[in-house]
Amino acid sequence: MKLSLDPYMFRQVPLLELPGLVADLGYQWLELSPRDDFLPFFNHPRVDDARVAAFKAELEATGVGVSSVLPLYKWSGPDEDERQAAVRYWKRAIRITAELGVDVMNSEFNGRPEQAARSESQFWRSMEELLPVFEAEGVRLVLEPHPDDFEEGGRAAIDLIRGINSPLVSFMYCAPHTFHMGNDAAGIIGYAGDLLTNVHVADSFDHTGSSGLRYIVNPPGSTVRVHQHLDIGQGEVDFDELFASLASVGFDGTVTACVFAWEDRARDSSRFMREKITDLLMKQGMQL
């Protein structure tokens with residue numbers, strides 16, 4: 001099992017200094033999430049082969065590995081021009097990942113929930129183009145349902161991934177999305193079984209609580225999705241249940257700390273999450 005850090009709160013740290021920072025925080029692995037100087041949100045990668053090689057050398061020098069690369073593109077968007085552009089961005093990102101010597105990429109379904117059928121159709125078109133590239137480069141894909149994607153439910157997302165019918169594609173459980181996925185960690189994790197390979201760990205509040213008034217948005221009836229990525233214990237996710245469920249299915253993949261809420265104390269938050277996740281794993285007899 002790997003314990004990894006999503007260093008998004010440190011995205012202003014120069015790329016070549018990032019591995020050393022992650023090592024100083026006590027992590028051996030990082031998940032390379034979007035950065036403006038590497039794989040920015042929804043745009044073509046901003047890095048050349050020389051920069052990739054320099055980053056790889058820094059990783060090796062510090063003893064830090066990349067557990068996964070996480071791009072976000074509009075590959076399921078209802079607009080066809082955007083979809084085609086996203087596929088081009090994906091192809092370059094896959095090759096960059098392979099050049100780094102990394103064999104896992106995480107991402108989201110994307111698309112639009114109000115155009116779910118159209119978005120799913122676009123998703124399948126993109127998968128038909130991209131699966132051969134993943135296969136050629138020896139890179140696996142891990143997908144998660146995200147609030148405001150065309151598919152937000154945990155079990156439905158697992159069924160969709162099974163429909164891809166590829167050993168290269170698996171499921172991620174994202175703890176801060178628990179209340180958008182159906183608030184059933186044990187059921188969803190059990191349903192996924194060995195299809196579950198990655199877990200994102202952060203806390204969040206149950207937006208459905210207090211008769212749906214945990215958050216108040218205006219105007220009433222707005223379709224916004226609200227969640228957080230907080231330190232464990234600051235929200236309402238049941239982490240004892242979550243980690244017991246992971247143990248029950250024999251989970252042996254990657255667990256990633258992905259708190260975004262505390263840039264003003266990012267170092268303390270990252271260290272706290274490492275210690276807390278380690279304690280939760282040990283409590284269930286799970287070893288790193």
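This is a predicted model: local features need pLDDT of at least 70, side-chain atom pairs count only at pLDDT 80 or more; totals for chains, interfaces and linings use all residues.
Local features need pLDDT of at least 70 and side-chain atom pairs count only at pLDDT 80 or more, while totals for chains, interfaces and linings use all residues. Residues are numbered from 1 along each chain as its sequence is written, and side-chain values use heavy atoms, leaving out hydrogens and water.

View 1. Helices (H or I, at least four residues) and strands (E, at least two) are DSSP runs, numbered from the N terminus. Along the principal axes, the C-alpha atoms fill a box of roughly 55 × 45 × 40 Å. Of the 288 residues, 53% count as buried. Buried means under 20% relative accessible area, exposed over 50%, partly exposed in between (1.4 Å probe, protein chains only).

**View 2. Helix H5 spans residues 154-164.** Its buried residues are Gly154, Ala157, Ile158, Leu160, Ile161 and Ile164. Seen down the axis of H5, they fall within an arc of 160°, so they line one face of the helix. The arc is that of the directions from the helix axis to the C-beta atoms. These buried residues pack against helix H4 (116-137), strand E5 (140-144), strand E6 (169-174), helix H6 (178-181) and helix H7 (185-192). Contact means heavy atoms within 4.5 Å. Just after H5, Asn165 takes a positive phi of about 60°.

**View 3. Cys174 and Cys258 are in no disulfide.** A disulfide is a pair of cysteine sulfur atoms within 2.5 Å. By this rule the count is zero. For Cys174, the nearest cysteine sulfur is that of Cys258, 5.0 Å away. Cys174 is buried, with a relative accessible area of 1%. Cys258 is buried too, at 1% relative accessibility.

**View 4. Asn198 sits in strand E7 (residues 196-201).** Asn198 counts as buried, at 4% relative accessibility. Leaving aside neighbours within four places in sequence, Asn198 is in contact with Val104, Asn106, Val142, Phe171, Met172, Tyr173, Phe251 and Thr254. A polar contact of 2.9 Å joins the side chains of Asn198 and Thr197. Such a contact is a pair of N or O atoms within 3.5 Å; within protein, one must be able to donate a hydrogen and the other to accept it, and residues adjacent in sequence count only if both atoms are side-chain atoms.
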